[in-house]
Amino acid sequence: MVLLILENTRQETVEHVRNQLARRGVVAEIWDRFPEVVVVPDKNVSRDILESLSGVRRVVPLRVPYPRIARALKETPHVFHVGEVQVGGTFTLIAGPCAAESRDMVLETAHFLAEHGIRLLRGGAYKPRTSPYAFQGEEERALDWLREAADRYGMAVVSEALVPEHLPLMRDRVDMIQIGARNMHNPPLLRAAAHTGKPILLKRGFSATYEEWLLAAEYIALEGNTNILLCERGIRTFERALRFTLDISAVPYLKRETYLPVCVDPSHASGQREMVPALARAALAAGADAVMVEVHPHPEKARSDGPQALDFPLFTHMVDTLNQLLETQQPPLHLP
Ligand code: PEP
Ligand code: MN
């Protein structure tokens, strides 16, 4: 297919281009959410003719299998809001416990994070554990704790849905739906999550190629929801010393391939809290739009993923070092 990037987004420009194509027997498509783009099926008309149409600024042949999230569709960073928090076009930290374990620990963690300017609170209510004997999450009441804490401290909630049935329970409690690594290859869940209209945090499956991951994002975009934050969380390699291997190349690669913002999760990638601040800095330096980390007031008591949870002092240290790095950027950015 070929994208025609228009000179402006006015309806009459779109119609004018569409009519010029129709006179040549070409049926062009306009995608929701992209008023500045007219999509022409491949091979119908020569590039010379397309370039000569009035109202067209640029002609972009598109060969990727994920056209609705392709970089060529947008020239500016894709920005959206989770609650009131901007994602994309700035650097954002998402933090919170692996699992929302109790009302008290969620409130304590949210209070601490809010004091550090963090406005996106993560926490699992439904946990996709490898073992069926492991803690599976506090379910619906955990969603209540997250909502209460977020409302109290001016934050927005990020939480994972494992099956479409979780989505109605999240409607009034969760601001961003997480699709986990184990569910990246689950089209019915991707579609259902897209239909909530909420932004989606889409983790990479730990054996998924970039193309498979981007095609999962395309499932969501095809349903009309392009508010997607892609999250690299480590892949499985021959290395066994750490839980997974953080694929930092994902950041610049995705930035080239798609306009979607990119997040890095150094907690699940490494599985060891001491590694997390350095990997978070690497993510920021590589151009990530967001970093997501696990934090627990008492990691030694955590019911899941304790070894990778930052305690409060280590979290503070990480924020300080990220801010030092942000200051070296032009123009200087700061965590709030
Ligand atoms: C999580 O973020 O809590 C989680 C389970 O991550 P992943 O899907 O990347 O394993
Ligand atoms: Mn976890």
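This is a predicted model: local features need pLDDT of at least 70, side-chain atom pairs count only at pLDDT 80 or more; totals for chains, interfaces and linings use all residues.
Reader: Let's start with the metal. Which protein atoms are the donors of the manganese ion (ligand 2)?

Author: The donors are C98 (SG), H268 (NE2), E294 (OE) and D305 (OD), and they lie 2.0 to 2.4 Å from the manganese ion. Along the chain their spacing reads C-x169-H-x25-E-x10-D.

Reader: Are H268 and E294 buried or exposed?

Author: Both are buried.

Reader: OK, and D305? Where's that one?

Author: D305 is in the loop between β13 and α11. D305 counts as buried too, because its relative accessibility is 16% and the cut-off for buried is under 20%. Check its backbone as well: phi is positive, about 55 degrees, although D305 is not a glycine. Most residues other than glycine have a negative phi.

Reader: Now ligand 1. Which residues are around it?

Author: R122, K127, P128, E160, Q178, G180, A181, R182, K203, R233, H268 and E294. H268 and E294 are also among the donors of the manganese ion.

Reader: What are the polar distances from ligand 1 to R233, R182 and A181?

Author: For R233, a polar side-chain atom is 2.6 Å from an oxygen atom of ligand 1. For R182, a polar side-chain atom is 2.9 Å from an oxygen atom of the ligand. With A181 the backbone is involved: one of its polar backbone atoms is 2.8 Å from a ligand oxygen.

Reader: How much of ligand 1's accessible area does the protein cover?

Author: The protein covers 96% of the 300 Å² that ligand 1 has on its own.

Reader: Switching topic: what does N227 touch?

Author: Setting aside neighbours within four places in sequence, N227 is in contact with R33, H78, F80, P199 and I200. With R33 there is a polar contact of 3.4 Å between the side chains. N227 sits in the loop between α7 (210-222) and β11 (228-232).

Reader: Why does N227 count as buried?

Author: Because its relative accessible area is 15%, and buried means under 20%.

Reader: Let's look at a helix. How many residues does α3 have, and how far does it reach?

Author: Helix α3 (residues 103-115) has 13 residues and reaches 18 Å from its first C-alpha to its last, close to the 18 Å expected. Just after α3, G117 has a positive phi of about 85 degrees.

Reader: Which residues of α3 are buried, and what do they pack against?

Author: The buried ones are M105, V106, L107, T109, A110, F112 and L113. The buried residues of α3 pack against β6 (92-96), β7 (120-122), α4 (140-153) and α11 (312-327).

Reader: Last one: where's V79, and what is it in contact with?

Author: V79 is in the loop between β3 (56-61) and β4 (80-82). Leaving aside neighbours within four places in sequence, V79 is in contact with Q86, V87, G88 and G89. V79 counts as partly exposed, at 36% relative accessibility.

Technical notes. Residues are numbered from 1 along each chain as its sequence is written. Chains are lettered from A and ligands numbered from 1 in the order in which they are written. Side-chain values use heavy atoms; hydrogens and water are left out. Helices (H or I, at least four residues) and strands (E, at least two) are DSSP runs, numbered from the N terminus. The expected span of a helix is 1.5 Å times one less than its number of residues. Buried means under 20% relative accessible area, exposed over 50%, partly exposed in between (1.4 Å probe, protein chains only). Contact means heavy atoms within 4.5 Å. A residue is near a molecule or strand if one of its heavy atoms lies within 4 Å of it. A polar contact is a pair of N or O atoms within 3.5 Å; within protein, one must be able to donate a hydrogen and the other to accept it, and residues adjacent in sequence count only if both atoms are side-chain atoms. Accessible areas come from the Shrake-Rupley method with a 1.4 Å probe; for residues, only the protein chains shown count as cover. Donors are N, O and S atoms within 2.8 Å of the metal (3.2 Å for Na, K and Ca); water is not among the atoms, so sites may look incomplete.
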